[in-house]
Amino acid sequence: MKVSVFRKAQFNAAHRLHNPKWDDETNRRIFGKCNLPNYHGHNYVLEVKLTGNVDPETGYVMDLGILKKIIDEEVIEPFDHRNLNEDTAEFRDLNPSAENIATVIYHKLRKRIAHEFEVGVRLFETERNFVEINI
Ligand code: NI
């Protein structure tokens, strides 16, 4: 029997959606206010889903304290209160859309979590807009 456990976290960050291959008019037309030059912020809410077998010794899939520490180190520490475009290596050349942020987070977490677990990432950019990765 596989069981999924979840851990939520939050970080605040600024970003700007911009494709340097396009001219300014095209960027404005495609990205609208998200392309405004001086950035804007979001209160991102992250949900990490871990699926695996329950360890008969602990009764846990994974100690959520360990998952919290991994999320803190891989996501909160480097991204919280940052300008994603300017302050992070990951988004220097990658448009920081919710889709791309979730993908980066997925890969950062995946490399810290044993392969016997499935990892899912859901990232809320606003209460109504969110993306999900399940592999
Ligand atoms: Ni935005």
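Student: What makes strand S2 (residues 40-53) and strand S4 (residues 118-124) count as a pair?

Tutor: In this predicted model, strands S2 and S4 are joined in the antiparallel sense over 7 bridges. Two strands are said to pair if at least two bridges are found between them, so the 7 bridges between S2 and S4 meet that requirement. One place to look is Lys 49, which stands opposite Gly 120 in S4.

Student: Which helices pack on the sheet, and which strands do they touch?

Tutor: Helix H2 (residues 64-79) packs on the sheet, where it touches strand S1 (2-15), S2 and S3, and the direction of H2 makes about 20° with that of S1. Helix H4 (residues 98-110) also packs on the sheet, touching S1, S2, S4 and S5, and the direction of H4 makes about 150° with that of S4.

Student: How do you know that S4 and S5 pair as well, and what joins them?

Tutor: Strands S4 and S5 share 5 bridges in the antiparallel sense, and at least two bridges are needed for a pair, so S4 and S5 qualify. A hairpin of 5 residues leads from S4 to S5, and Gly 120 stands opposite Asn 134 in S5.

Student: Why are strands S3 (82-83) and S5 (130-134) said to stand at the edges?

Tutor: The order of the 5 strands in this open sheet is S3-S1-S2-S4-S5, and their pairing is mixed. S3 and S5 each have a single partner strand, so one side of each is left without a neighbour in the sheet, and for this reason they are the edges.

Student: Why is His 15 called buried?

Tutor: The relative accessible area of His 15 is 0%, and buried means under 20%, so His 15 falls in the buried class. His 15 has its place in strand S1, and leaving aside neighbours within four places in sequence, the residues in contact with His 15 include Tyr 39, Tyr 44, Leu 84 and Glu 125.

Student: How do you know that the side chain of His 15 makes polar contacts?

Tutor: The side chains of His 15 and His 42 are joined by a polar contact of 3.2 Å, and the side chain of His 15 also reaches the backbone oxygen of Pro 96 at 2.7 Å. The limit for a polar contact is 3.5 Å, so both of these distances, 3.2 Å and 2.7 Å, lie within that limit.

Student: What makes His 15, His 40 and His 42 donors to the nickel ion?

Tutor: The NE2 atoms of His 15, His 40 and His 42 coordinate the nickel ion at 2.0 to 2.1 Å, and a donor atom has to be within 2.8 Å of such a metal, so these three histidines count as donors. His 15 lies in strand S1 and His 42 in strand S2, so that pair ties together parts that are 27 residues apart in sequence. The spacing of the donor residues in sequence is H-x24-H-x1-H.

Student: Why is Glu 77 called exposed?

Tutor: Glu 77 has a relative accessibility of 57%, and exposed means over 50%, so Glu 77 belongs to the exposed class. Glu 77 sits in helix H2, and, not counting residues up to four places away in sequence, Glu 77 touches Asp 72 and Arg 82.

Student: What makes up the largest nonpolar core, and which element gives the most to it?

Tutor: The largest nonpolar core has 32 residues, and those with the most contacts inside it include Phe 11, Ile 71, Ile 105 and Leu 123. S1, S2, H2, H4, S4 and S5 each supply at least two residues of this core, and H4 gives the most, with 7 residues. Apart from neighbours within four places in sequence, Ile 71 is in contact with residues including Ala 9, Leu 46, Val 48 and Leu 109. In soluble globular proteins, nonpolar side chains tend to be buried together.

Definitions and conventions:
Residues are numbered from 1 along each chain as its sequence is written. This is a predicted model: local features need pLDDT of at least 70, side-chain atom pairs count only at pLDDT 80 or more; totals for chains, interfaces and linings use all residues. Side-chain values use heavy atoms; hydrogens and water are left out. Helices (H or I, at least four residues) and strands (E, at least two) are DSSP runs, numbered from the N terminus. Contact means heavy atoms within 4.5 Å. Axes are lines fitted to C-alpha atoms, for helices over the stretch in contact, and angles run from 0 to 180 degrees between N-to-C directions. Donors are N, O and S atoms within 2.8 Å of the metal (3.2 Å for Na, K and Ca); water is not among the atoms, so sites may look incomplete. Buried means under 20% relative accessible area, exposed over 50%, partly exposed in between (1.4 Å probe, protein chains only). A polar contact is a pair of N or O atoms within 3.5 Å; within protein, one must be able to donate a hydrogen and the other to accept it, and residues adjacent in sequence count only if both atoms are side-chain atoms. A nonpolar core is a set of buried Ala, Val, Leu, Ile, Met, Phe, Trp, Tyr and Cys residues joined through side-chain atoms within 4.5 Å.
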